[in-house]
Amino acid sequence: MIVTGGAGFIGGHYVEQCIKESNPTLVIDKLTYAADPVRLEKQCQKGEVESLQVDINDSSHVRDAFQTWKPNVVVHFAAESHVDRSIADATEFANTNFLGTLSMLRVSLEYFDSLSKHQQSDFRFVQISTDEVYGSAGEDVAFNEMDLLQPGNPYSASKAGADHLVQSFENTYGLPTLITRCCNNYGTHQHCEKLIPLMISAAVSNQPLPIYGEGQQVREWIHVKDHVSAINCIIEHSMSSGEAGQTFNIGTGQRPNNLEVVQRICSAVDRYCNRHDGTSAKNITFVEDRLGHDFRYALDSSSLASLGWKPEVALEDGIEKTVQWYCEQLLAET
């Protein structure tokens, strides 16, 4: 197996699962600011994991890796993912998320064409996408896989473009692909720029907790370990059924608004730090909303549920455990 972006937040958790399942894995990662090279190095020491530090646009080195590793599955996590950064400068998002995916598809197709018919039937290119490609959902609307893609910011536009590329390689060249579109992830090892670790850090330090607008934007949340299990469920179904070219939404139906999420974080931090409940919440500060801010995301994940998958981590329990982990890390640094 080849996992691109395996030194990132979600990719790193996926590699952990590969280790548990004794699945030999090559991680291809550029090791940008959001990567965790220390975690990756530890994974390489304890499991059948090797790493290659290279840009996915470097097709020559990626091609060599394919020939050496001979994967039957490519799970493509590698992406720039922070919306605020994409608004400030969309260049790297287009370069990595769109052109990088195109580069991976070209190398994958070249490799796929070199395989025997039997080997081809066992090959899958898995595009890890996002619910943001659908754009903002109206009240009481949950997007299904057949809905129109209407991305509302440069990040989601770059991912939507990549999804279209993946589908085009399936339709045009017969490359067996899968696309997964997941809701907001949270859990351990997430980069500090994301909402949940950012709010935890601020709450622990008694700093202001900035929330865009009035905090009424709605997001659907999933624990990263549930996301990993969903990806594996989809791959296993595709392999056993012989079906490819499918897209699956990955969601939980847990859809609080941003203010509610931050309030839960504040309460959990107060419990961990032995403070009176409400201490951290006093630092919640509403700031000017960001440009093009989608108001609501929601997924219809019934196709995935039909495969027998369901999430195991409730949001309240997941946030509590995530807060504990980050607090331990933060306090260990002081």
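Axes here are lines fitted to C-alpha atoms, for helices over the stretch in contact, and angles run from 0 to 180 degrees between N-to-C directions. This is a predicted model, in which local features need pLDDT of at least 70 and side-chain atom pairs count only at pLDDT 80 or more, while totals for chains, interfaces and linings use all residues. Residues are numbered from 1 along each chain as its sequence is written, and side-chain values use heavy atoms, leaving out hydrogens and water.

**View A. Helix α10 packs against helix α12.** The axes of α10 (258–272) and α12 (residues 315–333) lie 9 Å apart at an angle of about 55 degrees. The pair is therefore oblique (under 35 degrees is roughly parallel, over 145 roughly antiparallel, 65 to 115 roughly perpendicular, and the rest oblique). Contact, meaning heavy atoms within 4.5 Å, involves V261, R264, I265, A268, V269, R271 and Y272 on the α10 side. From α12 come L315, E316, I319, E320, V323, Q324, C327, E328 and L331. Sorted by type, the contact residues are 10 nonpolar, one polar and five charged (nonpolar: Ala, Val, Leu, Ile, Met, Phe, Trp, Tyr, Cys and Pro; charged: Asp, Glu, Lys and Arg; polar: the others, Gly among them).

**View B. N274 has a positive phi.** Look for N274 in the loop between α10 (258–272) and β11 (284–287). Phi of this non-glycine residue is near 55 degrees. N274 is exposed, with a relative accessible area of 72% (buried is under 20%, exposed over 50%, partly exposed in between, with a 1.4 Å probe and protein chains only).

**View C. D140 has a positive phi.** Here phi is near 65 degrees, in a residue other than glycine. D140 sits in the loop between β5 (124–130) and α7 (154–173), and is exposed at a relative accessible area of 72%. Helices (H or I, at least four residues) and strands (E, at least two) are DSSP runs, numbered from the N terminus.
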